[in-house]
Amino acid sequence: MAQGTTTADQAKREGDPPGEPAAEGVDTSTPDQVTDPHKGVFARGMRVLGVAARTEPWIFLAAVAGAMLHAGVTVGSASVLGYLTDNTILPAFSAGETTAAALVAAAALLMAVGLGKAVGLALRRLLAGLMQFRMQARYRRAVARKYLELPLSWHHRHPTGQLLSNANADVEAAWQPLAPLPMAVGSVFMLVIASIAMVVTDPVLALVAFVVFPILAAANVVFQRRVSPMASRAQALRAEVSGVAHESFDGALVVKTLGREDTETERFTRSAHRLRDALIQVGRMRSIFDPFTEALPNFGVLAVLLLGMWRLSTGAIEPGELVQIAFLFTLLALPIRSFGWILGDLPRSVVGWDRVQSVLNSGGTMEHGDRTLEPTERGLALSARDVTFSYADAYDADGGVRDLLDDTVTGARTTVLNGVDLDIAPGRTVALVGPTGSGKSTLTTVLMRLVDPESGAVSYDGVDLRDLARDQIPSHAALVPQGTFVFEDSVRDNIALGAAGVDDAQIWAALRLARADGFIAELDGGLDARLGEKGTTLSGGQRQRLALARAIVRRPRLLIMDDATSAVDPQIEAQILAGLRERDDAATVVVVAYRRATIELADEVLYMEGGRVLARGSHTELLSTSSGYNRLVTAYERASAENEAERAPIPEEPGPAEPRLPTGGHSTDAAEETSR
Amino acid sequence: MSAPTQARTDDSSEQAAGAGRPERDPVLSLHQNQDTALGTIRRGLQLSPEFARGLWLTLLFALVATAGKVIVPVAVQQIIDNGLTGEGGPDLGFVARMVAVCAGLLVVTMFCSYLMNLRLYRATESGLATLRRKAFRHVHDLSVLTQNSERKGALVSRVTGDVDQISTFMQWGGLLLLVSTGQLLVATTLMAVYSWQLTLVVWICVLPLFFGVRWLQKLLSRAYLTVRERTGDMLGAIGETVMGAAVIRAHGTEERTAGRIDTTVLATRRAQVKAQRLSMAVSPFAEIVAALGNVAVVLVGVWLGIAGDLTAGQLIAFLFLMTLFIQPMMMATEIFNEAQNAIAGWRRVLGVLDTAPDIADPGEAGRVLPRGPVRVGFDRVTYSYPEGPVVLDDVDVEITPGTRVAVVGETGSGKTTFVKLLTRLMDPASGTVSLDEVDLREVSFSSLRSRVVMVPQEGFLFDSSLGDNIRFARPESTDAELETAVNELGLSDWLGSLAHGLDTPVGQRGESLSAGERQLVALVRAYVADPDLLVLDEATSAVDPHTEVRIQRALDRLTRGRTSVAIAHRLSTAEAADRVLVFDDGRIVQSGSHDELVDRPGVYADLYASWIRSSA
């Protein structure tokens with residue numbers, strides 16, 4: 001049994017070249033090989049920030065200029081204070097009088113300092129924010145557009161949650177350090193000119209600064225090194241708490257009906273306590289660090305005062321110079337901490353960047369040809385020749401979900417289609433029947449070119465799908481999946497989905513055919529009613545009928561239904577199928593079916609097993625010619641017959657092969673994949 | 001059937017909510033807490049006693065710690081006034097003594113600051129963990145959880161995001177708020193000691209900033225709300241590309257989605273930039289206020305000094321103290337904003353806790369049912385959703401012990417409500433549901449849940465091993481017992497086909513298994529629970545016929561020797577039942593065995609005919 005085997009050597013990367021740069025100004029350089037996430041974080045982080053600086057050079061430079069203005073004026077303000085001490089305050093106090101000129105000069109100096117700082121600060125913060133948000137927006141767009149562009153097979157390999165958090169949290173994390181970046185650059189500048197100012201004022205007092213500030217900087221580095229793994233741990237535990245709550249509330253009916261609320265609460269409490277302990281651990285580090293870094297410059301000031309008095313007594317400096325240096329110490333403490341903020345954000349930034357890059361660099365864009373199909377109403381002639389398909393498992397051997405970064409080519413693959421041949425004449429209705437995992441759902445996605453076969457070809461009216469222009473397939477064929485996606489939008493938009501020239505009358509006609517007109521008419525607003533989380537939520541059967549209407553409204557020449565009415569009441573399903581057959585334009589219909597009534601409506605049945613079409617013919621023919629088919633469609637009837645016969649144990653009898661992965665992990669049913 | 005508004009309004013916490021009509025959360029039909037900010041904090045503190053434990057000592061440490069902030073300005077003042085002007089130049093001895101004392105004080109305040117921080121982190125995180133636990137447990141007691149599955153996400157955020165918001169505030173803003181308030185207080189006190197006139201001048205300069213901050217903060221919280229809304233839209237649009245990947249490709253609607261992405265991403269960016277503009281505005285504003293303050297201090301200070309009311313050291317100390325004044329203001333908008341979010345989050349969590357469970361456990365006082373097959377009685381039972389239509393109308397039925405009952409009817413006929421009343425997921429509006437002649441409302445939950453087990457339509461599994469999921473019903477069972485159970489249900493061939501047997505990981509919600517296999521696990525789980533009354537809601541989704549056979553076999557054995565009630569979506573279930581209850585429009589319109597009913601004209605015969613049409 002070839003199907004269901006997982007072989008690593010079959011692994012083959014979709015052999016497409018790396019994607020074009022997704023958008024202007026989006027860097028898609030190959031990500032660094034990720035070995036140890038904490039190794040070389042600083043250098044790699046600086047490279048990430050360099051990308052931002054190169055992308056938005058003018059904003060970056062203006063922000064840095066603002067930061068430098070602020071830094072310069074801040075250092076200047078200490079000199080102003082020193083100058084005022086010597087020339088305005090002390091003379092006035094000792095002489096008991098002062099001049100208007102001295103006071104005006106003092107006021108003007110102080111106001112100038114305030115204005116300079118204000119302008120610098122405003123420029124710096126405004127532009128730093130602008131740069132951060134522009135980069136975020138740029139990369140969010142790039143990532144989302146990449147998602148649109150990447151083939152479905154790529155989507156199948158990656159869990160939804162990861163892709164969403166990539167566009168959201170990863171992009172945000174990547175550009176988080178941009179906010180404090182100009183301040184940090186300004187701080188470097190401030191330290192340099194402050195050092196010069198101090199050395200010029202008094203080299204001896206400046207020595208205190210050369211002791212205190214390196215210690216402060218080192219303390220910052222040590223703290224960030226120690227606290228950032230703790231903070232990531234707390235973040236992971238937050239996710240864990242949320243995961244437990246989600247799962248427990250999702251399973252509420254089971255929890256409640258089995259009376260297991262207390263054990264669930266215990267499980268949740270254990271998680272919540274782990275989170276509490278992790279947060280307290282972070283808090284403890286901060287409790288040590290914050291008071292220390294705050295006190296350190298104060299000790300510096302005391303040292304300056306002591307040394308300064310001695311310098312004063314020897315006449316080396318004036319009192320104003322002492323005040324100036326002491327004041328500088330109180331001003332410099334905060335800017336130095338901005339290095340800590342950047343250092344704290346860098347590891348997350350680097351990881352976020354790498355993850356974003358891994359998406360942007362993903363290969364596998366689908367190539368399209370330029371041929372078009374005849375614009376007619378007639379059904380399509382559909383054929384497939386020796387189609388094979390396998391996909392990389394989204395789950396690894398342990399049942400765990402693979403990480404986005406781990407897009408390895410050597411992953412295990414599962415063969416689903418193993419040489420499918422079929423020819424369907426225009427206007428025929430064909431049922432695809434087969435046991436779970438026989439490849440029916442996957443075949444529907446290949447027939448729609450949602451994925452390309454690994455070998456073999458599918459053609460519409462004799463034209464290979466790969467030669468068709470981009471819009472050709474959706475405008476001639478439609479697929480109705482088992483579970484569909486409902487957009488956060490009105491009913492009208494959910495059905496038209498941007499198709500040109502669809503009016504309300506056509507939408508209602510489609511809804512009628514899909515037997516969805518009844519419940520839609522009852523919605524508040526009818527076609528304008530909003531669906532999705534913020535609007536009306538539909539039941540499974542209603543969603544299926546909506547999906548059907550969505551397909552019908554496009555008047556496809558080929559309609560593929562992948563068990564598309566499984567959640568619809570059997571009576572309604574029968575009405576729908578009958579309605580579809582009554583239409584005069586005879587579209588070709590391929591329907592994946594379990595229910596016998598559905599199967600019997602078809603002109604012809606294709607029986608699939610193990611990724612191949614094993615038999616074809618009418619229902620009655622196949623019942624006698626194909627033992628597998630016979631067993632499958634009669635299994636249910638036999639079961640109920642035996643049940644009735646008396647409640648004797650049903651004989652254990654092997655039916656049609658039911659595939660089982662050696663890993664015992666992920667189901668081979670691609671329907672679950674397409675319906676994500 | 002939309003979300004029932006079930007929560008009662010007459011609970012005692014309403015008194016705390018103050019005047020006004022109690023509002024309801026329209027989405028969750030939960031109690032909507034209308035407390036003022038202070039009221040919310042008071043109630044919050046009551047619920048998590050850890051917050052207040054040892055708070056006085058913490059505050060004492062906080063006071064000492066903030067007092068440390070003025071050591072440097074005092075030292076500067078003392079040295080300028082007393083050290084500079086010693087006889088024969090600077091008084092080095094005085095300065096040395098002064099510096100030594102100040103250094104000692106700094107060490108003490110540093111240590112107090114450490115203790116204050118640590119105690120605060122500990123108290124708040126412990127308190128929040130308690131809040132999480134209480135809210136989590138309470139959510140499980142609310143019927144909204146089992147009746148409004150669409151909104152579970154919102155309930156999850158009550159025990160995660162909302163509490164995280166409080167935690168974030170406590171870890172940063174709350175601490176800063178405390179320290180800043182202390183800083184302003186201590187600085188003002190010291191200033192007043194030096195000169196009340198100059199203190200007044202400083203306050204007059206800073207006061208407009210105070211009001212400005214409040215005003216900005218209001219604008220800012222509105223701006224942040226816009227950011228959140230835009231971000232939500234944006235994530236929705238991005239989500240389409242992922243969750244709707246197949247639909248978008250199948251219908252070729254890439255352009256439409258790309259357009260939505262561009263619009264929402266840009267709108268988000270615009271909202272972010274706007275909010276940023278407001279949040280940064282306060283800093284330059286504060287710098288200018290500080291400059292004005294400095295000018296005023298120098299001018300008025302010099303004037304006071306000449307009059308002999310102020311020393312030079314005190315004037316310079318004032319300039320140092322100004323920085324202590326301005327710093328908190330610069331962060332005030334952010335702090336207030338976080339505080340507002342935290343209080344809103346807290347209020348939402350309290351809203352959950354204030355919603356009285358509508359299905360109450362009689363607990364210790366409750367009656368215990370004897371073991372053995374159960375007799376079920378519905379005595380004139382009516383149910384309607386508040387302000388909604390009647391869904392069950394005067395239902396009277398008696399089910400004898402050991403009977404297999406199938407419940408049939410169209411969607412909306414009341415069969416699901418019937419089953420929910422039977423398992424006491426809801427209580428009837430009037431009439432009584434009884435088991436073995438005991439009113440269900442008097443039965444303690446522990447007895448009820450061990451005697452009555454329901455297998456829901458969707459076999460929900462937890463993300464662990466197959467064995468753990470079966471064991472969920474009875475945590476003490478051994479692997480051997482589980483295997484016996486599997487065997488007794490005739491499923492050992494199936495278990496054998498799994499490479500890892502009971503250790504097979506089932507994945508999130510059991511998604512590594514097929515829908516049919518999930519149902520099999522749910523059946524084994526119910527079997528291990530060993531109930532006397534089994535309630536089944538048959539799955540509607542199509543399962544391949546082979547698994548179907550297994551499910552039928554397991555069901556057959558599971559129901560043997562028990563009373564069972566099954567919502568039947570399949571013909572075979574009704575055929576195999578001892579008795580069929582036919583629901584139509586909230587009433588039982590027919591009752592009897594399949595054979596009796598099938599030939600009689602009526603609802604059942606009609607249903608049967610359409611079944612036959614569709615599945616034979």
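How many residues of chain B are in contact with how many residues of chain A? 146 residues of chain B touch 152 of chain A, where contact means C-beta atoms, placed from the backbone, within 7 Å.

## Basis

This is a predicted model: local features need pLDDT of at least 70, side-chain atom pairs count only at pLDDT 80 or more, and totals for chains, interfaces and linings use all residues. Residues are numbered from 1 along each chain as its sequence is written, while chains are lettered from A and ligands numbered from 1 in the order in which they are written.

## Interface of chains A and B

On the side of chain B that touches chain A, helix 11 (residues 254–306) of chain B gives the most, with 29 residues. Helices (H or I, at least four residues) and strands (E, at least two) are DSSP runs, numbered from the N terminus.

That side of chain B holds 76 nonpolar, 43 polar and 27 charged residues. Nonpolar covers Ala, Val, Leu, Ile, Met, Phe, Trp, Tyr, Cys and Pro; charged covers Asp, Glu, Lys and Arg; the others, Gly among them, are polar.

## Chain A

Chain A has 21 helices and eleven strands. Of its 676 residues, 52% are buried (20 or more other C-beta atoms within 10 Å of the residue's own, C-beta atoms being placed from the backbone). Among contacts between residues at least 6 apart in sequence, 83% join residues at least 24 apart.

## Helix 2 of chain A and its partners

Helix 2 (residues 57–95) of chain A packs against helix 10 (residues 319–360) of chain A at about 150°, with axes 8 Å apart. Helix 2 of chain A is therefore roughly antiparallel to helix 10 of chain A (angles over 145 degrees). Axes are lines fitted to C-alpha atoms, for helices over the stretch in contact, and angles run from 0 to 180 degrees between N-to-C directions. The contact includes A:Tyr83 and A:Asp86 of helix 2 and A:Glu321 and A:Phe327 of helix 10. By class, it has ten nonpolar, six polar and two charged residues.

Helix 6 (residues 181–201) of chain A also meets helix 2 of chain A: their axes come within 8 Å and cross at roughly 30°. Among the residues in contact are A:Met68 and A:His70 of helix 2 and A:Phe189 and A:Met190 of helix 6.

## Domains of chain B

Chain B is divided into domain 1 (1–13 + 38–193 + 340–358), domain 2 (196–309) and domain 3 (365–615); the bounds come from an automatic or database domain assignment. The C-alpha centres of domains 1 and 2 of chain B lie 23 Å apart. Four residues of domain 1 of chain B contact five of domain 2 of chain B. Helix 8 (residues 161–194) of chain B gives the most to the domain 1 side, with three residues.

Notes: Two residues are in contact if their C-beta atoms, placed from the backbone, lie within 7 Å. Angles under 35 degrees count as roughly parallel, over 145 as roughly antiparallel, 65 to 115 as roughly perpendicular and the rest as oblique. A residue is buried if 20 or more other C-beta atoms lie within 10 Å of its own, exposed if 12 or fewer, and partly exposed in between; C-beta atoms are placed from the backbone.
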